[in-house]
Amino acid sequence: TKARIAELRKTDPKAAKALSDSVSYHIDHGNGLDYYKVGPTLGAGTSALLDNETIVYPYCYKDFQILDNGPLRFTVKLVYNPLTIQKDTNVIETRTISLDAGSQMNKVMIAYENLSVATPVVTGIVLHEPSEDYQADASKGYIAYADPEDSTNGQTYAAAVFPNKINDAKAVKFSDKEKKERGANGHVLAYSTYTP
């Protein structure tokens, strides 16, 4: 379908948009939707290691295993491809995500294999449009963001809460180049340290 849409964009942009809209998961076709655009960012609470103050974005997971499949809890374990962090060349992230029935917060546990030294890690929520509609409080252990309202679908609120002490919490704006690459204005970030 993506190839057909690309071809139609050259000859019939209106038909290309209609076809794109018909398969988009950003439009509610009766089964729900995802209108919270994240692009190549930390989205709504993803964590990532820092390498010399640079976020090493986790790409796609390599393997998954469903550990619980309802009705009271859903849990999935994700294993990511190896990363290079400073001098460590085979760092493998394992992320376990669970959601209990009736809860509005996922629980995420992250572990890194083959990481030899304590390393900074951030958890972030993407900031859309020039917005000051976020909160970041390291002493209380949370970050939160109110996404600009969508005229059709309302407003999305995202937050991350940390049971252990975090080092810092603040908004970090993207450079103009990053804004174009990532389709966003920055992140509200919580900083902590991962100790092997």
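This is a predicted model: local features need pLDDT of at least 70, side-chain atom pairs count only at pLDDT 80 or more; totals for chains, interfaces and linings use all residues.
Residues are numbered from 1 along each chain as its sequence is written, and side-chain values use heavy atoms, with hydrogens and water left out.

Which elements give two or more residues to its lining? Those are helix H1 (2-11) and helix H2 (13-23). H1 has the largest share, with 4 residues. By class, the lining splits into 4 nonpolar, 4 polar and 2 charged residues. Here Ala, Val, Leu, Ile, Met, Phe, Trp, Tyr, Cys and Pro count as nonpolar, Asp, Glu, Lys and Arg as charged, and the others, Gly among them, as polar.

Now the overall picture. The chain has 3 helices and 13 strands, taken as DSSP runs numbered from the N terminus (helices are H or I with at least four residues, strands E with at least two). The C-alpha atoms fill a box of roughly 55 × 40 × 40 Å along the principal axes. Of the 196 residues, 34% are buried, where buried means under 20% relative accessible area, exposed over 50%, and partly exposed in between (1.4 Å probe, protein chains only). Looking at contacts with a separation of 6 or more, 49% come from residues 24 or more positions apart; a contact is heavy atoms within 4.5 Å.

Next, the aromatics. There are 2 aromatic pairs in the structure. Tyr61 and Phe64 make an edge-to-face pair, 6.2 Å centre to centre with 75° between the planes. Tyr61 is partly exposed at 41% relative accessible area, and Phe64 is exposed at 52%. Then we have Tyr112 and Tyr194, also edge-to-face, at 5.0 Å centre to centre and 85° between the planes. What does that pair tie together? Tyr112 lies in strand E7 (residues 107-113) and Tyr194 in strand E13 (residues 186-194), so the pair links parts that are 82 residues apart in sequence. Tyr112 is buried, at 7%, and Tyr194 counts as buried too, at 19%. On the cut-offs, rings of Phe, Tyr and Trp (its six-membered ring) pair if their centres lie within 6.5 Å, and planes under 30 degrees apart count as stacked, over 60 as edge-to-face and the rest as tilted.

Thr119 sits in strand E8 (residues 119-127). Is Thr119 buried or exposed? At 1% relative accessibility, Thr119 counts as buried. Its side chain reaches the backbone oxygen of Val117 at 2.8 Å. That's a polar contact, meaning a pair of N or O atoms within 3.5 Å; within protein, one must be able to donate a hydrogen and the other to accept it, and residues adjacent in sequence count only if both atoms are side-chain atoms. Leaving aside neighbours within four places in sequence, Thr119 touches Leu49, Leu50, Ile85, Ser192, Thr193 and Tyr194.

Ala118 is in the loop between E7 and E8, and it's partly exposed at 46%. With the neighbours within four places set aside again, Ala118 is in contact with Thr193, Tyr194, Thr195 and Pro196. Its C-alpha is 27 Å from that of Glu178, which is 60 residues away along the chain.

Last bit: backbone geometry. Most residues other than glycine have a negative phi, and most peptide bonds are trans. Asn114, in the loop between E7 and E8, has a positive phi of about 70°, and it counts as partly exposed at 43%. Glu53 has a positive phi as well, near 70°. Glu53 lies in the loop between strand E1 (44-51) and strand E2 (54-56), and is exposed at 69%. And the peptide bond from Gly70 to Pro71 is cis, with omega near 5°; Pro71 is in the loop between strand E3 (61-69) and strand E4 (73-80).
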